[in-house]
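Subject: Model handover and findings

Hello,

Here is the model for you to look at. My notes follow below it.

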Amino acid sequence: MSTPSLDSLPIRRLTLRDLTACADLSEDRGWPREEHKWGLLLAAGTGYGIDDPGGGLVAACVVTAYGPQEQPSLAAIGMVLVAGRYARRGVGRRLMRHVVAAMGTTPLTLHATEFGRPLYEELGFKTTGRAEMLRGRFVPPAVPPEVTTRAATAEDLPAILRLDEEVFGADRTHIVTRLPAFADLLRVAEADGRLTGYAAAWPNMDTHVVGPLIARDTETAKALIASLAAHTGRPLRTDIDVRHGELLGWAKEHGLASVAFNAVMTYGITALPGDGSRRFAPVTVAAG
């Protein structure tokens, strides 16, 4: 029986039933399996994949759209992976072209490694920002932050959603409302009875990933990170917008080390919407 060519293999929508195959694909490329994160992305976003006739997936990615369902105002592309045995054969390019075409006029964003950036540039994406990944065991400051933080409650959800949309620049209710179940920790900052920031820490392998991190200023962001760290015994990992140099410096002084940089790229817009001065870290680089 002849083996079908890669170009003839159909691109299909992925579902939660494909979670194990997606995790297998991550592992194939030397990434952590990240089943918890895949579960969120496949539930809240749209997965695209190519089946391998021999079993498993040739390639996969996930698109998370924000704003009105009928006409999203922004979509984030993430987890773009091609099985090692099919690398450098144009599969990733074909999958990305399919996704860009499927999204039509919706503006797109993604976080790109140095390895992946040339492909995205070829497709018309432009680098419009940069994020630095940090990881390590947080060392509490000698003087605790003065900003008040506490565990979020169900009553905080409307205020969190309002703040998030204002700062992010698009409605992402379908992500934020999943955070209480997805994250191990969800905390808020407040001043004068008003919510001024919020942050989550969700489990990923042996770490807790801090994200999203939304705060009115750097001091509030520091307080949220410190409060999350105080309630976990795991190392922290996060991806901070490099424009927030003060927060990056503070985090490094308190035990987190630089691991990598990613280019923040956009397609169809020259900059991300919302208020970058209050947007410190994404939920995950795969979803913006």
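Leaving aside its neighbours within four places in sequence, which residues is Val-209 in contact with? They are Ala-200, Ala-201, Trp-202, Asn-204, Arg-237 and Val-283, where contact means heavy atoms within 4.5 Å.

Some ground rules before the rest. This is a predicted model, in which local features need pLDDT of at least 70 and side-chain atom pairs count only at pLDDT 80 or more, while totals for chains, interfaces and linings use all residues. Residues are numbered from 1 along each chain as its sequence is written, and side-chain values use heavy atoms, with hydrogens and water left out.

Strand β10

Val-209 sits in strand β10, residues 207–215. Helices (H or I, at least four residues) and strands (E, at least two) are DSSP runs, numbered from the N terminus. Val-209 is buried, at a relative accessible area of 3%. Buried means under 20% relative accessible area, exposed over 50% and partly exposed in between, with a 1.4 Å probe and protein chains only. Glu-166 is 43 residues from Val-209 along the chain, and their C-alpha atoms are 23 Å apart. Strand β10 also holds Pro-212. The peptide bond from Gly-211 to Pro-212 is cis, with omega near 0°.

Helices α1 and α2

Two packed helices are described by the angle between their axes and the distance between the axes. For α1 (residues 19–28) and α2 (residues 35–44), the axes come within 10 Å and cross at roughly 130°. Axes here are lines fitted to C-alpha atoms, for helices over the stretch in contact, and angles run from 0 to 180 degrees between N-to-C directions. α1 is therefore oblique to α2. On this scale, angles under 35 degrees are roughly parallel, over 145 roughly antiparallel, 65 to 115 roughly perpendicular, and the rest oblique. Leu-19, Cys-22, Ala-23 and Ser-26 of α1 make the contact with Glu-35, Trp-38, Gly-39 and Leu-42 of α2.

How many of the 10 residues of α2 are buried? The count is 7, so α2 is largely enclosed by the rest of the structure. The buried ones are Lys-37, Trp-38, Gly-39, Leu-40, Leu-41, Leu-42 and Ala-44.

Helix α3

Val-91, Gly-92, Leu-95, Met-96, Val-99, Val-100 and Met-103 are buried in α3. Seen down the axis, these buried residues fall within an arc of 165°, so they line one face of the helix. The arc is that of the directions from the helix axis to the C-beta atoms. Gly-104 follows α3, with a positive phi near 60°.

Met-79 is not a glycine, yet has a positive phi of about 55°. Met-79 belongs to strand β4, residues 74–82, and is buried at 5% relative accessibility. Asp-192 is also a residue other than glycine, with a positive phi near 55°. Asp-192 lies in the loop between β8 (185–191) and β9 (194–204). Asp-192 is exposed, at 84% relative accessible area.

Helix α8

Thr-218 is in α8, residues 218–229. At 18% relative accessibility, Thr-218 counts as buried. Not counting residues up to four places away in sequence, Thr-218 touches Glu-246, Leu-247 and Phe-280.

Best wishes
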